[in-house]
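Dear colleague,

Please find the structure below, handed over for your own work.

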Amino acid sequence: MSLLIRNGRIITSTDDYLADIYCAGETITRIESQIDPKSVPPQTQVIDAKNKYVFPGFIDPHVHVYLPFMGTFAKDTWETASRAALVGGTTTLIEMICPGKTDDAMEAFELWLSKAQEISACDFTFHMGVTRFDDRTAAQLREIVGKRGISSFKVFLAYKGALGVDDRELYQTLKLAKELGVIVTAHCENETLVAERQAELLAAGKLGPEFHELSRPVQVEAEGVQHLMTFAELTGAHIYIVHTSCEEALAAALRGRQCGVNVWIETVIPYLTLDKTYAEKSTPLFEGAKFVMSPPIRDKRHQPILWNALRSRLISTVATDHAPFDFQTQKTMGQPPENAFTKIPNGIPSVENRIDLLYTYGVAAGRISLNTFVECASTQAAKLFGLNGKGTIAPGSDADLCIYDPEYRGTISARNQYMATDYNAFEGWEVKGRPHVVTVRGEIMARDGKFIGKLGRGKLLQREPTHFANRG
Ligand code: URP
Ligand code: ZN
Ligand code: ZN
């Protein structure tokens with residue numbers, strides 16, 4: 001199968017130009033100002049991209065698809081999540097493997113892999129969650145990195161007693177990561193402070209979703225980041241802070257960077273767009289629960305700070321932290337008076353909407369440039385996580401493309417989404433633009449809001465274990 005994309009405006013993280021692209025099989029082989037259709041094989045599929053942008057396929061470096069969490073399971077499967085990702089312009093997903101504290105690391109790896117392999121329509125890989133550190137786990141982590149092509153770990157400094165690691169485990173994990181040359185992604189919140197504040201709020205009868213933010217205020221997140229910085233400085237490990245929500249956490253990470261820590265910063269689309277008043281909504285009944293995630297969505301004052309940090313590229317990536325739980329049967333597990341916000345499964349689904357929201361409220365609103373849009377939603381994730389052939393448009397790179405129509409106008413709604421949840425946190429939000437055609441390694445997978453590809457087309461991306469070994 002070959003593809004010729006004509007008359008498009010090609011945008012990478014550094015360039016912006018008009019040209020034609022020819023893809024032979026899975027790879028981009030030619031980029032020229034005009035490619036004569038007679039110069040390509042007769043069966044070549046031709047796409048006219050006039051007045052459209054041609055972006056590299058977008059990469060979401062932080063999603064949860066299979067997720068046993070807080071007494072329930074996330075709603076998506078790789079069938080629903082990968083279709084949703086592709087319709088929304090994302091061609092590669094990186095999922096967090098989250099073993100329980102007593103689970104075997106290798107078994108967890110195999111389990112998470114089995115959920116995606118031969119099912120996912122988009123390409124994928126994993127961050128290997130480390131929720132316990134002992135000799136057996138260390139040996140298995142070495143194998144997962146060395147033989148299974150995984151080059152990043154994930155640690156939780158939050159979720160006491162469930163996924164969180166203690167300081168000894170954190171130190172040992174970072175030392176091993178440094179030795180193996182892998183990058184460690186980290187959820188930073190001080191779990192003891194969270195537990196204490198939750199207990200205080202519950203004792204005071206403060207049970208609703210509006211109290212979730214008070215239980216994990218900005219200082220709790222900033223302390224988590226600061227804590228991690230100390231460990232990273234001592235071990236020399238390369239770290240990546242996931243879902244940074246606020247000015248204080250950002251400042252703590254940047255202080256670490258000034259001290260020489262190799263740290264990269266991610267934010268996620270809910271923090272750039274939603275604010276804590278959403279979690280305070282009580283009508284319709286318990287509406288605020290839809291917006292409960294951790295760290296919590298914050299006061300609006302943080303949004304311009306995050307956007308500015310993105311524009312100046314202090315923040316490297318915009319992910320989703322897609323964590324899909326139904327409203328009716330799952331979010332309501334935390335409904336007072338029998339229950340409380342501490343029982344609401346944490347997470348907001350948005351894998352389908354990240355690109356349109358970032359384009360609409362970032363690029364079209366004048367907050368970030370087209371190049372920064374590509375940088376933070378694709379290129380940086382490819383570089384940081386060793387996704388060779390992804391994240392750019394160049395001869396030799398994978399033919400993962402998102403041909404984007406900036407003239408499209410539409411409204412987000414759960415009624416016509418591919419995500420499996422019964423709600424959308426952005427219900428009724430206007431979008432200016434959407435993917436027109438989305439390809440994965442040369443095959444068209446989505447067109448104008450519809451999935452038209454094949455399930456199982458996605459492959460596990462093998463990554464270089466020594467990606468960071470010799471740097472810094
Ligand atoms: O609230 C969130 N973020 N849920 C998903 C799990 C995590 O912490 O990333
Ligand atoms: Zn997290
Ligand atoms: Zn997450």
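I begin with a backbone detail. His-243 lies in the loop between β13 and α8, where helices (H or I, at least four residues) and strands (E, at least two) are DSSP runs, numbered from the N terminus. The phi of His-243 is near 30°, a positive value in a residue other than glycine. His-243 is buried, with a relative accessible area of 2%; buried means under 20% relative accessible area, exposed over 50%, and partly exposed in between (1.4 Å probe, protein chains only).

As to conventions, this is a predicted model, in which local features need pLDDT of at least 70 and side-chain atom pairs count only at pLDDT 80 or more, while totals for chains, interfaces and linings use all residues. Residues are numbered from 1 along each chain as its sequence is written, chains are lettered from A and ligands numbered from 1 in the order in which they are written, and side-chain values use heavy atoms, with hydrogens and water left out.

Asn-7, in strand β1 (residues 2-11), has a positive phi of about 65° although it is not a glycine. Asn-7 is partly exposed, with a relative accessible area of 34%. The peptide bond from Ser-294 to Pro-295 is cis, with omega near -10°, and Pro-295 sits in the loop between α9 (269-273) and α10. Another cis bond joins Pro-336 to Pro-337, with omega near 5°; Pro-337 belongs to the loop between β15 (317-319) and α11. For context, most residues other than glycine have a negative phi, and most peptide bonds are trans.

Helix α8 (residues 247-258) has 12 residues, which at 1.5 Å a residue should span 16 Å, and its end C-alpha atoms are 16 Å apart, in agreement. The expected span is 1.5 Å times one less than the number of residues. The buried residues of α8 are Ala-249, Leu-250, Ala-252, Ala-253, Leu-254 and Gly-256. These buried residues pack against α7 (218-235), β13 (238-241), β14 (263-268) and α10 (302-311), contact meaning heavy atoms within 4.5 Å. After α8 comes Gly-260, with a positive phi near 100°.

Finally, the axes of helix α11 (residues 354-363) and α12 come within 11 Å and cross at roughly 150°; axes are lines fitted to C-alpha atoms, for helices over the stretch in contact, and angles run from 0 to 180 degrees between N-to-C directions. The contact is formed by Arg-354, Ile-355, Leu-358, Tyr-359 and Val-363 of α11 with Leu-370, Phe-373, Cys-376 and Ala-377 of α12. Helix α3 (residues 135-146) and helix α4 (residues 167-180) pack at an angle of about 30°, with their axes 11 Å apart. Here Ala-138, Leu-141, Arg-142 and Val-145 of α3 meet Leu-176, Glu-179 and Leu-180 of α4.

Yours sincerely
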